[in-house]
Amino acid sequence: MQYHVIETEWGFFGFVESKRKLLATFLPAGQQAVRRAIRAKFPSAIEDESVLPDFQDEVRKYFRGQAVNFSVSVDLSALPAFRRKVLEACRRIPLGQVVTYGELAKRVGDAQAARAVGSAMANNPLPIVIPCHRVLRSDYGLGGFSSPGGVSEKQRLLSMEGSWPIRSRRTATKLRVTKLRKTA
């Protein structure tokens, strides 16, 4: 198990990998804070700056505001089945689009599981790669974001991706249609 901390436009971003699969990401903060967080969760991980070089490039591009679809393989095998299913569905939310917790619950086959989806988002081990910041409340309000920067960081990420502000369900629907047309 290896980790690395890289400098981005937003601060220092950390990640942990094993067998060329991403296990965890740590959103930008101060370099020592990110290192401490990694060592607290993965005490046996060894620092190796050469791991996942393509992923490192993608992360730097993302935090410069460039459109990135992360191609790195992830390992969610340690998670419960429902959480894994939710996170896999969340990973498929395209850049520039948002969904509600309820919509994501429907996508995983349980329309009544919006709260459980919220719990999965709050415990996402791979923020940015699994874009939990693209999941909003039913009124398209921000909801929560369990990162050092909190909800303001969620808003900043959505703004950078062109998905914020959203003032209503109608605006969100229009945004999704507009983005789909541009990419099709």
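Two strands count as paired if at least two bridges are found between them by DSSP. All the views below show a predicted model.

View 1. The protein chain contains seven helices and six strands, and, read from the N terminus on, its elements follow the order β-β-β-α-β-α-α-β-α-α-β-α-α. Of the 184 residues in the chain, 47% are buried, while the accessible surface of the chain comes to about 9500 Å², with 48% of that area belonging to carbon and sulfur atoms.

View 2. Strands of a sheet pair through backbone hydrogen bonds, and the pairing may be parallel or antiparallel. In this sheet, which is open, the four strands are arranged in the order β3-β2-β1-β4, and their pairing is mixed. Strands β3 (21-29) and β4 (46-47) stand at the edges and have a single partner strand each, so one side of each is left without a neighbour in the sheet. Strand β2, made of residues 11-18, pairs with β3 in the antiparallel sense over six bridges, and Ser 18 has Lys 21 in β3 as its bridge partner.

**View 3. Helix α2 across the sheet.** Helix α2, which covers residues 53-63, lies across β1 (2-8), β2 and β3, and runs at about 30° to β1.

**View 4. The largest nonpolar core and the surroundings of Leu 104.** This core has 39 residues, and those with the most contacts inside it are Phe 55, Leu 104 and Met 121. Two or more residues are given to this core by each of the elements β2, β3, α2, α3 (81-91), α4 (101-107) and α5 (114-122). Leaving aside residues up to four places away in sequence, Leu 104 touches Val 86, Ala 89, Cys 90, Val 99, Val 117, Met 121 and Val 135. Another core, of 11 residues, lies apart from the largest one, and among its members are Val 5, Phe 12, Val 16 and Ala 24.

**View 5. Cys 90 and Cys 132.** A disulfide is a covalent bond between the sulfur atoms of two cysteines. A search of the whole structure finds zero disulfides. Cys 90 is in no disulfide, and the nearest cysteine sulfur, which belongs to Cys 132, is 6.0 Å away. Because a disulfide requires the two sulfur atoms to be within 2.5 Å, this distance is too far for a bond. Both cysteines are buried, Cys 90 with a relative accessible area of 0% and Cys 132 with one of 7%.

Terms used: Residues are numbered from 1 along each chain as its sequence is written. This is a predicted model: local features need pLDDT of at least 70, side-chain atom pairs count only at pLDDT 80 or more; totals for chains, interfaces and linings use all residues. Side-chain values use heavy atoms; hydrogens and water are left out. Contact means heavy atoms within 4.5 Å. Axes are lines fitted to C-alpha atoms, for helices over the stretch in contact, and angles run from 0 to 180 degrees between N-to-C directions. A nonpolar core is a set of buried Ala, Val, Leu, Ile, Met, Phe, Trp, Tyr and Cys residues joined through side-chain atoms within 4.5 Å. Buried means under 20% relative accessible area, exposed over 50%, partly exposed in between (1.4 Å probe, protein chains only). Accessible areas come from the Shrake-Rupley method with a 1.4 Å probe; for residues, only the protein chains shown count as cover.
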